[in-house]
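Trainee: Please take a close look at a single part of this structure, namely the surroundings of its ligands. I would also welcome a short account of the helix packing, with the criteria stated for each term.

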Amino acid sequence: MTEKTFYIETFGCQMNAHDSEKVVGTLAHSGYTQVDTPEAAGLVVYNTCSIRDKAEQKVFHRLDQFKRGAKKGKILAVIGCVAQQEGERIFDKAPHVSLVAGSASYNRLPEMLVQLEAGNRRVTGLDLDTSETFDTPFTRRDKPYRAYITIIEGCDKSCAYCVVPFTRGPERSRTSESVMREATGLVDAGYSEVQLLGQNVNSYRDPSPAGWDFATLLDRVGRIPGMRRVRFTTSHPRDFVKEIVEAIDGNPALCNHVHLPVQSGSSRVLQSMQRLYTRDEYMRRIEWMKKARRNISITTDIIVGFPGETEADFQATLDLLGEVEYDSLFSFKYSPRPNTAALGMEDQVPEEEKTRRMTILLEKQRAIQIRKNSELIGTVEEALVEGRNEALGQWIGRTSQNRPLNFTHADSDGASMMGKYLPVLVTRDGPNSLAGESMMSVV
Ligand code: SAM
Ligand code: SF4
């Protein structure tokens, strides 16, 4: 029997990255061996993203590149958000594809693989009507110290620009018991940092009789013996309650970093985006964090050029940046997406104007980051060692606030420091990272 091999390429967000870890585990359990190139693989899997048009175009470009591969008997699978969004239309656009499946159907992957192996040319998993989550005992984790845990899948909101509710289905939370079991198992396996994942992670609602809310789950995961760091992403401002800040204040294992996407600083645009909060309501949440005992870093997502966004609305976003002083942000030019409410809206902003606004926004944010990072010089931050940059002779670390902190260590040639937590004196700063020297004691 010939060996069954697969290659997987992942596009998009952390949810997709973690889904791929689960898919890899499931394939390995079904007897497939992972290989490093699509050329060497019998099964080529693309885990796709459709959040913006550019991401989707990339996928179709890859599929085009592989037309010839298909003739040589390779099986091509398209999974994830583009698969769910385009469905069987993918077979028309790329007839050499054999499997199309959205994330809400991954529970059926083993069954779909059997159909493929039986020579079935077209297999689909496109059902969105599910109450199930994709919890697999076979997850193959990419990183040695930090692990993802999905606690909630899907999205029940309906932001006017966003495809996620159409591509990932309705919100469904895992039981607190299964999350705690996975987190405890990870610590036992040597992980010391976990990141709780969900499109809206803080909308978590334990479906079991225990009925934990997100703040309770977060706190309990942080109290598992041996757990050093717990992160969570992404929080939706509407469901961001004070108890989350209180949990961070009361539990040092919870990282002092919150990613709270605002999208716009204009209440008028927020309403048109159907974001379910005003600028003032968002700022109230920022104030809870600013008043916390711990120094909580705050990051965000911004969309520029949403339909109808005027110069005054954009100025309101710039003004918000100055008021919050984010530690970092992701900014996106609005991209019209299929099925969404914003697609048919009037007053679409021209592409050049979106680019102009994005440039101004990034300049303003850069100045804020340069100033904030410079204030950290002379402080001591705890870094988790995640890698080594041989060229610079530095260890690659990350702080609890999620800042990259690269540093030198006198004993660099000694035993590997990977996965260790070290106190590091910050000696240099840049807009996006810090550099420093370790304070020696390895803990
Ligand atoms: N659920 C999270 C929230 O509501 O804050 C965000 C999840 S979404 C996958 C990640 C980010 O992509 C959003 O915060 C938004 O800034 C951006 N995004 C989503 N749809 C977009 C679109 N059509 N055009 C541009 N950016 C978009
Ligand atoms: Fe998309 Fe809005 Fe849901 Fe976030 S809350 S995933 S932006 S629809």
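Mentor: A polar contact is a pair of N or O atoms within 3.5 Å; within protein, one must be able to donate a hydrogen and the other to accept it, and residues adjacent in sequence count only if both atoms are side-chain atoms. The model is predicted, with local features requiring pLDDT of at least 70 and side-chain atom pairs pLDDT 80 or more, while totals for chains, interfaces and linings use all residues. Residues are numbered from 1 along each chain as written, chains are lettered from A and ligands numbered from 1 in written order, and side-chain values use heavy atoms, leaving out hydrogens and water.

By the polar-contact criterion, a polar backbone atom of Gln-199 lies 2.7 Å from a nitrogen atom of ligand 1. A polar backbone atom of Ser-335 is 2.8 Å from a nitrogen atom of this ligand, and a polar side-chain atom of Asn-200 is 3.0 Å from a nitrogen atom of ligand 1. Taken alone, ligand 1 exposes 570 Å², of which the protein buries 92% (Shrake-Rupley areas with a 1.4 Å probe).

In total, 17 residues surround ligand 1, each having a heavy atom within 4 Å of the molecule. The closest are Gln-199, Gln-263, Arg-275, Asp-301 and Ser-335. By class, the shell holds six nonpolar, six polar and five charged residues; Ala, Val, Leu, Ile, Met, Phe, Trp, Tyr, Cys and Pro count as nonpolar, Asp, Glu, Lys and Arg as charged, and the others, Gly among them, as polar. Strands E13 (297-304) and E14 (328-333) each contribute at least two residues to this shell, where strands (E, at least two residues) and helices (H or I, at least four) are DSSP runs numbered from the N terminus.

Gln-263 sits in the loop between strand E12 (257-259) and helix H11 (267-272).

Ligand 2 has Gln-199, Asn-200 and Arg-275 among its surrounding residues, together with Cys-155, Lys-157, Cys-159, Tyr-161, Cys-162, Val-164, Pro-165 and His-236. The shell of ligand 2 comprises six nonpolar, three polar and two charged residues.

Turning to the packing, the axes of H9 (residues 214-222) and H10 (residues 242-250) come within 8 Å and cross at roughly 15°, the angle being taken from 0 to 180 degrees between N-to-C directions of lines fitted to C-alpha atoms over the stretch in contact. H9 and H10 are therefore roughly parallel, a label given to angles under 35 degrees. The axes of H8 (residues 176-188) and H9 come within 10 Å, crossing at roughly 25°; H8 is therefore roughly parallel to H9. Helices H12 (residues 279-290) and H13 (residues 311-324) have axes that come within 11 Å and cross at roughly 15°, so H12 is roughly parallel to H13.

Finally, the peptide bond from Thr-233 to Thr-234 is cis, with omega near 0°. Thr-234 belongs to the loop between strand E11 (229-233) and H10.

Notes: Parallel < 35°, antiparallel > 145°, perpendicular 65-115°, else oblique.
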